[in-house]
Structure formats: C-alpha cells, structure tokens
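Student: Can we walk through this model together? I'd like to start with some side chains.

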Amino acid sequence: MLRAGGVVTCIACKNLLPSRMGVKFRVPLQKLHPLSRSIHHRYFANNNPQRPPHCSAARHYTSLSRLPMRPPKSRSGGHGYQQHRTFWVARLAARLLKLRYILLGSAVGGGYTAKKTYDEWKEMLPDMSQYTWIVPDFIWELSENIDLDKLARALPELDEIAKLLPDMEKVGENFTFLKSLLSSGLGSEVNGASGLRLLLETTGDSSLRAPDIPPTSAAMSDSSDKQFKKSSDKERIDQLQEELLRTQMKYQRMLERLEKENKELRKVVLQKDDKGIHQRKVKKSLIDMYSEVLDILSDYDSNYNTQDHLPRVVVVGDQSAGKTSVLEMIAQARIFPRGSGEMMTRSPVKVTLSEGPHHVAMFKDSTREFDLGKEEDLAALRHEIELRMRKSVKEGQTVSPETISLSVKGPGIQRMVLVDLPGVISTVTAGMAADTKETIFSISKAYMQNPNAIILCIQDGSVDAERSIVTDLVSQMDPQGKRTIFVLTKVDMAEKNLASPSRIQQIVEGKLFPMKALGYFAVVTGKGSTNESIDSIKDYEEDFFQTSRLLRDGMLKAHQVTTKNLSLAVSDCFWKMVRESVEQQADAFKASRFNLETEWKNNYPRLRELDRNELYEKAKNEILDEVISLSQVTPKHWESILQKKLWERVSTHVIENIYLPAAQTMNSGTFNTTVDIKLKQWTDKQLPHKALEVAWETLQEEFARFMAEYKGKDQDDIFDKLKEAVKDESIKRHKWNETAMDSLRVIQHNALEDRSITDKPQWDAAIQFMEETLQSRLKDTDSVIADMVGPDWKQRWLSWKNRTPEQHIRNETKNELERLLKLHEDHTAYLANDEVTTVRKNLEGRGVEVDPVLIKDTWHQLYRRHFLQKALSHCNLCRRGFYYYQRHFVDSELECNDVVLFWRIQRMLAITGNTLRQQLTNTEVRRLEKNVKEVLEDFGEDNEKKVQLITGRRVQLAEDLKKVREIQEKLEAFIEALHKEK
C-alpha cells in the first residue's frame, strides 16, 4: 500500500511515511496487494519517466519499538487539512485489512484443528464392519426397491456445488500477502496474533511459514536459554522421561477406558441377535473357519508331500517358565491345570481365540459350553483338560503328541490360534519315561519347523539366562528371527533379584541371547498364587510397570510391556502371516487333489470313492443283513441240525456206557433197570451241558456260514477281515442263558422215562435209527481194526504194502482172539486173566511175544465188532416185533428192549432239538444280533481298529481324496471371507 519517493506521490502514502520516523523502510510496489494498488494509485500517471531515487534504508518498527515523542512537523502550504484527512482514511483502511486477515487465519487454523481432532476420535471408534450382519436383510435389499440412478440424477452437479465453495485462488493470494506483511514486519498486531502464527509455522506449505523472531523476541529467547542451561543435563533428562512416562500412562489409561467401552458396546451388539431382533443364522467367524482347517490338517497324512504350512502361534518355553500363564492372560481366563514345579502340560493344546458376546470355552468334540465367568465351570474345565491329557498319554509314556482342541470366545479377545506345547526339560526325573526329553524336543520341532508358524518363545526372567534351553532350540528352527516373538516373564522377580537391571535391558534388546526375534516383550503374570484372578493380575502388572525403574529409566519402552500389548502384537503378526501364506497353501492342496483324482480314475474307474468310514458303514449293513438271515432259518432245518450234532456228540457215550453194559445182562428186567439207572445219571450230569454246547456251536456255524455264503450285489472282499473280526468278537461276547439248562434237564429226563411206542411207524423209525447207528459204529470199528493189523493179503499183493512188526503182532493176536470168540459166541465184554494168559502162551508157541495190555486192547475192538454184528442181526429180527412189544413180549422168545432204548434216545433227541430250536430263534439269535451291533458300534468308535480291519491302497486313496477336497473347500471359503473382511 505504500510507495516512497518520486516527484508525484500519493498524499496518503506520504503521510504513512513521515520523514522523522525512527526507521526508514521501503516496500516494492510489486509486493503490495493488487487491490491496494488499485485503491491508492488509480490516478497515478504510469508514463512519468522521472522518479527520484529511493531512500537508502527503511526502519522496521513493531509494537515493542519506541516511537518519537515529538509530534510530526506540519508542512507549509494550503494542503494541511487534505493531508490530515487522507492520513485518517488510509490508517482506517489499513486497520480493517489487518483485521480481515487475522479473522481469516483464525478460521483456517480452527478448521484444521477441528479436522485433526475428528480424525483422532474416528480412529478410536470401534470397527463395526464385523457386525454388518446385525442389519436386517431388507436393508441390503433396498437397492432393489429404490431407483438409485434416479436419485443420483436429482442431486446437483459438481460444477454447481463448486460455485458455492470459496475461491481458493483468492484465499491463496490473501495468504501470500499476509506472509509478505509478516516477513516485512508490518504491524505489531499481526506479530501478537500467536494463534495464527502457530498455525503458519505448523503448516506444510513453506510459503505460509511465520517470519523470523524479531530482535527483541530473540533477545528474550536467548536469556531464557541461558536460564535453562543452568540446570544439569541429568535433571533435564529425568524431567523429560517423567513427563513422557506420565503422558504414556495417561494415554494408556485413556485407551483402556475406550477399549472397555468398546468391549461393552460389542457385547451389547452381539447379544441383540439372541433377543430376537434378527433371526438370520450367525455366520462363522474367520478364526473359527481357520481353526476347522487346522483340525482337519492335524489328522491329515499324505504321500504327496503336501505338508501343513498354515500359520499358528506356537508357544514354547522351558518348564515352569510361564507359558501357560501367558496364554491364560491372552485368553483372559485361568483355564489350564496348575501345579507346583511339576509337568502339567502333557500334550499340545490348540486354543482358538475369537470374539463373542459371552466368555465361554468349548472342546472341538463336545457341545458343552463352560462359562468362564463362573468358578465352578472353570474348575470343571481345568479338570476336563487334565483328564484328556492323561487319557492321551499311552501307557509307559509321560507326554503325548495327540492334540487337544479348545476354543475360547469372549468380548475383546484377540483372534488367533495358539498351540501350548509341553515345557522343554533338561533332565528326566523319577517317574518320567526315559525318552521324555527327546519326545518333547521332537514335538516342539514338529510344530516350529512349519515355515509359517509364529514362535512365541517364553523365557523365565527370574532365572539365569544361561540356564535357558529353549532359546537354543528356537535359534535352530528360526535362525534369522523372522517369525519369533520373545517374551520375558516374571519381570517383577527379575528386577528384585538381579543386581544389574541393565541385564533385563540386554535381554529385551536381543543382545544377551544368540537368538533373533521380530519383537521383545516383558510381562508380569501375577505374584505366583494359583488363586489370583485375571483382573487382579492385570492390575498388579499395570501397577508394577508404573513404578518400575525399567520403564522410568528407559530400559523398556511402553509398547514392550504388558500382556495386552503382547496380545495385540501377536494377533497382528498372526493375521499378517495368514494373509501372506493361505493362498499358497490352497494352491498346493489343489495340485494334490488333481494328482489323487487322476490316480483314482486310472486304477478304480468303476468304483465309487468311499472312504474308510463309508466303507465301514457299508460293511456294517451287510453284516447286520447276514445276522437277520439267521431268523429266516426254518425250524425243520434247525431241529435236524441240532439232532444230528447232538447224536454225534453223545452216541459214543450211549453205545459204550449204556447200551453195551446193559446188553451184558441175562434178562430184560435187568437190562431195563440198568438202562434206566445209567440214563438218569447221564441226564443229571452230562446231557444238558452237551446239548447247550451243541446248540451254541450250531449257532456259531450257521452264523459263519451265512457270512461266508452271503453274495450281495455289492459284495466286496475288502470286508473279509472286518467280518471275521466281528464274528469272532460277537461269539466271544455271547453267553448262553444258563437258566435254560434246568428246564432242559427236566424235559430230557421226562422224555427218556417214556417207553411207550404208540404205533408201528415209530417202531420202524426206531429200528431204522438203531440200524444206522450200529452200522456206522461197525464201520468205524472195522476201520480201527484194519489200522491195527495192517493191510490184508489183497492190499499187500495189489498195492505192494507190508505190515509193520507191531501190526504183525496185532494180526497174530487178532487171529487168536477170533478163535476164542468162535468157541464162545456169548462171551462177556471182558477177558478173564486166565484167558489172557492162555492167549499169550499160544502166541509165544508160535514165536510171537505179546504184552497182556495189547491183548486186552485188541480184544476190546474185536468184541465190539462181534457185539455190533450180533446187534444188527437182532435188529433185523425185531423189525416184525411191534406186535410182541404191544403184548410185552409175553409167550415169545423175542425180546426187543434195545429197540425201545433207541426209541427213547431218538425221542429225547427230537424233544431236545425242538427245545433248543425255540430257545435259539426266540432268544439267542436276538442276543447274538445285539452283540453284533454292539461290536460294530465299538469298532466304529475305534479309529485304530477300523484302520487295522479296512486296509489297502484303495481305502487310503479315498481317505486322502476326501480330506484334500475338504481342506481345499474350507481354505477357499476362508480366503473368500478374508477378502471380504479387507
């Protein structure tokens, strides 16, 4: 607005530059605002070539500068009034312009501050993208009912909206002019506007920065710097650290308060679905989908080298280093069994952490939910985990590689999958298996060798670092530390016990251990009491770090302490690793699936892909059909089989111990008495047992026959081993109903007491039964005698066979005894001693030395043959004896009591067969079917048994195909959900 010098000068400009001012200055016309130039110089002649030289210097004045006390000397001439009036108007215009820029700068600064505050609060708000399912479906369907294109056309165009916005070019020109004023030192009022000045200093545009501090302000700053330098450097550092610590704690408390409010808000939102606001089925969370994939992979064993490289957080550490306590702090519940110095983690425990409205825990293979807010449920959960661990450990072992899967949900819990491994030990103590140390190392390496596994290395801070074993193991598996997070526990005890706290600083900075890590954390997991709650441990941890020298002296940074920060860091690292590796794993399983499907098509083109469980169900149905077939056996078939088998079992006893002794009697009365006595003894002691044995064997044989002869359209030899095992186990478990023996004994006794043959067919049937029995016995006896004496003369001449010396002696003995029988056809069943001596002497006379025992043995077989031949002759005579039987053999020399005996035996066999058949069909077959079902159910629950009984490449190939397909499908669903969440 001012221009000094010149022949013709604006009077207002001259009044602004009195000649007696303490400091002279000059402002180029080019730096003046265009509007000011147009106001004050619109009548100035631009074509005037004559201009006096400018003043050599200009004096800079501010509100702190002293102005001359004497008034300016008035100019002579007739223009004094005009000069005074023009000076007042110009001063007023300058004041108004300065006020406008001050207001404009304040408005811009206020808007910037408001925007920054809004962004900070926006970051603190909870992420509501996970709860889009809370919105009812009809909201998402509005796009179908509302014409969005029509609505968009109704909105104003961008050009019209732009017209309503301020002209940013003019605003920029105003800022440029304001900068020129500040840099030139115009106006003490502008220098006093600290808010505007601060805004200009903090803006990113270099053209809007504040001017340099005036000389007077610089002098004051120098004096304050001198006063501040009087304090020592140590005090300044302490003050800064304390102020930094107070600021960190302040914001930490603010974050915790906001997180708590966020947790309550999430809990309320998640609970709304339970109240019936929205009945849509809740989708599975990302972490639950991912956990299902890991559960399938834990049982997957492939020959195509498709290994499980999906990420999970592996928690490793020395025994009693605090691994389980850290995991409990992350899960926000004391869920694991606790002990004092003894090994409590005996098998890997996979814990899937996710967010939910209620703090609950659940096993993978169970539907029971444990409320982690109730102490009795917590105790039950710890007891169940301990039982599962002990059950998984095989006899003679201390630890087990079998994984226990557990899921924990709750408000504010970070989503991730952790695996708690048994603690690494250095020495095997009493009560442990000899290979415990090696087993723990192998389990830990198996989990850590996964290139995408995040290793959470837990180190006890209260013990000497040189005693650590796990650090060496971790450094071997991850030498570059690209996936390792180091956690130092029990820092409170370490600070109290260590003489040099800087040792803790060396640990968390990675300078003490040879291993490398992505990050280092220091945590406190309580005072060591098993009764401490999670909240009390959190409070103790926060109080400790607030007062700890480690944080106050800068040995630890605020982001390296507390399990809360650890949980956030581990969760971020876990999901980063998942996003980087999950698609690569999906492609690997896709390739494996193609290889497996190609092998199946080439080897089994006409067979369905049935895995082991499906094959077992098919075999189970076939076996049950075969058992049901037992109930379709006709009663006649059962009775005929039972009678035949029972007679085969008891015929020897009947002939040798009943019929033969009774036939030695002299009359019919003695014969019948002997028979009755021996039948009664036999019935009381042996017959019922023999009958039940026969029935049970018959049931087994029929069951085996049906299973062997079953020919269905889907018959498969792959089931043979399973069917045989089911049959053997079912028969082994089957116990015959012992109460049936007493009733069977009464029935048999009554049947044998009856001697009344009512008709001729029964008599003929008894004759036929007797004849068949005697002929069968005679045939067996002839066979025994032929084996004793060797080949006869025909066989010797035709087959060129010779007798052995023993057979020669027996043959000579047989010939001598036959001569005796010819002389005494009614001889008794036993030889007398003098007769044995006579036979021996006769043989010695022919040069044959024979033993008396051999003579008696040979006599027994010869007499049996003689007796059976006579009985057959008598049987033929009795064919027409039914008439005499009806007259009780009065006035007849024929006696057929032996026929009556065989009739009684035959009737007892028929009645026993009928009774056993009823018991079989009504009771035992059903009980056997029940046993078969129980065996099949037991085998179905025993995976190892199914693997043993259903084997082969076909089965294994179908198993691999099923698992690979399932893994690939779940991985693809997880990847799709993961992309949607992004």
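Student: Trp647 and Phe769: buried or exposed?

Tutor: Trp647 is buried, and Phe769 is buried too. Buried means under 20% relative accessible area, exposed over 50%, and partly exposed in between, with a 1.4 Å probe and protein chains only. One caution: this is a predicted model, where local features need pLDDT of at least 70, side-chain atom pairs count only at pLDDT 80 or more, and totals for chains, interfaces and linings use all residues. Residues are numbered from 1 along each chain as its sequence is written, and side-chain values use heavy atoms, with hydrogens and water left out.

Student: How many aromatic pairs are there in the whole structure?

Tutor: A search finds 16. Rings of Phe, Tyr and Trp (its six-membered ring) pair if their centres lie within 6.5 Å; planes under 30 degrees apart are stacked, over 60 edge-to-face, the rest tilted. Trp647 and Phe769 make a tilted pair, with 5.0 Å between centres and 55° between planes.

Student: Which helices hold those two?

Tutor: Trp647 is in helix H24 (residues 635-663) and Phe769 in helix H29 (residues 760-789), so the pair ties together parts 122 residues apart in sequence. Helices are DSSP runs (H or I, at least four residues), numbered from the N terminus.

Student: New topic. Which charges sit over rings?

Tutor: Arg388 lies over the face of Phe363, 4.0 Å from the ring centre. Lys946 has its charged end over the ring of Tyr616, at 5.6 Å from the centre. The test is NZ of Lys or CZ of Arg within 6 Å of the ring centre and within 35 degrees of the ring normal.

Student: And Ser444, where is that?

Tutor: Ser444 is in helix H16 (residues 436-448). Ser444 counts as buried because its relative accessible area is 1%.

Student: What does Ser444 touch?

Tutor: Leu421, Val424 and Leu473, leaving out residues up to four places away in sequence. Contact means heavy atoms within 4.5 Å.

Student: Last one. Why does Trp797 count as exposed?

Tutor: Because its relative accessibility is 67%. Trp797 is found in helix H30 (residues 793-798).
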